[in-house]
Amino acid sequence: MLPYLQNLLRMTRGDFTLAPRLAVYYVTMQCNLNCAYCEDFGARRNHQVTPTPRLEDAKRILRVIRSGVDRLWLTGGEPLLVSHLAELLAYARNELKFREISLITNGVLLFRKPTTEITEDTEKSRLKTSVDSVFSVVKHVDRLIVSLDSLEPQTLNQVSVPDAYANTVIENVRAAATLQKEHHFKLILNAVITPETLPGLDALLAFCAENHIRISFSPQSVNNLPRYELVTSAEYRAFIEKLVALKKQGAPILGSLSYFKMLLDQTPYECYPTLIPRILPDGWLTYPCRPMEKAGGEQGGRAVNLLNVQSWDEAWRMAAKTYGDAPTSCVSCFQQCYAEPSLMQAHPFEYLTEKFRGMDPGTYAPG
Ligand code: SF4
Ligand code: SF4
């Protein structure tokens, strides 16, 4: 709570470079899927992306992160492809003592082997190791976030999960849900809303209610903005309005009312991009945000490599020196992972209400 209050104080001084609430570390850029909406990674880009670092380097990166941030998200690519993931998680939990750890996965490798072999030999061996270690992964996380956009294999096949794995992912999610109590973690589904998935989202909501799973929704983003066919669709608006109504009735739907309002009104929000910094697999800190780093302009980039510094403060100072303060009026994107924490930082009353309901809005948005 103290960092939140300190950030509020900074905001009253017009400062947009706020202290991080959590850090996102991409453990790998490699992925075993090729989601149609993925703008970052995916199997089609596996040969172009940064290699997955050695365990010792990954540990060192986490050590530097922990010197300034106490909540961690691990994502990818697909983290379960990383054979040392369980060891890295154990290190983050037991030695670095992160206060909260979340893991984001596409769910293919949870608990069961895929029904069909994935093509490349190297990938096969990684898959085997990952599947063997999955229980040791689950026991170290507070939140397991699985991407699942539909219960319909045909729809999944169109947008994210090939036919061969669709039922596996759904079964894996069901199995993971039953383990929440015993292993003390919360299972969260994240569904991407696309014109294709929209008709099946009511069934997904019902599935979550039946299996005691929390759910969050992200509209498909194209160049950092919600896809045009969605924002002009009456069905999409009706679905967001339904989420608002259900949430007001207490349904375990993640996403703040401010965020849903922003989706409906398409109004710009004040972005505080440094609230959730991203660190790439090989240690590069993106500053002030991933969209600006990817854009490659003068306002942001790969500011400093955490393998070359001793502490988070040192990295942060170097990044700010290279690229200056965070922008004060950027409306370049509506990405939930930046919008949600920014809105919650700016709306203390709603933030407290959400916290009171047991849903931490500072860590809603996967991705
Ligand atoms: S699982 Fe995630 S990283 Fe992989 S292709 Fe899909 S959206 Fe991209
Ligand atoms: S709106 Fe997007 S691009 Fe602009 S600062 Fe925020 S996260 Fe970065």
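Predicted model: local features only at pLDDT ≥ 70, side-chain atom pairs only at ≥ 80, totals over all residues.
Residues count from 1 along each chain as its sequence is written, chains are lettered from A and ligands numbered from 1 in the order in which they are written. As for confidence, local features need pLDDT of at least 70, side-chain atom pairs count only at pLDDT 80 or more, and totals for chains, interfaces and linings use all residues.

Strands β1 (23-26) and β9 (278-279) run parallel, joined by two bridges, and Y25 has I279 as its bridge partner in β9.

Y25 and I279 turn up again in the largest nonpolar core, which has 103 residues; together with I65, L72 and I215 they touch the most other members. (Such a core is a set of buried Ala, Val, Leu, Ile, Met, Phe, Trp, Tyr and Cys residues joined through C-beta atoms within 7 Å; buried means 20 or more other C-beta atoms within 10 Å of the residue's own, with C-beta atoms placed from the backbone.) Strand β5 (186-193) gives the most to this core, six residues.

Now the ligands. Around ligand 1 there are 13 residues (C-beta, placed from the backbone, within 6 Å), with C31, C35, C38, G42 and N106 the closest. Ligand 2 has ten, and C271, C289, C330, C333 and Y338 come nearest.

Conventions
Pairing = 2+ DSSP bridges. Helix = DSSP H or I, 4+ residues; strand = E, 2+ residues; numbered from the N terminus. Buried ≥ 20, exposed ≤ 12 C-beta atoms within 10 Å, placed from the backbone.
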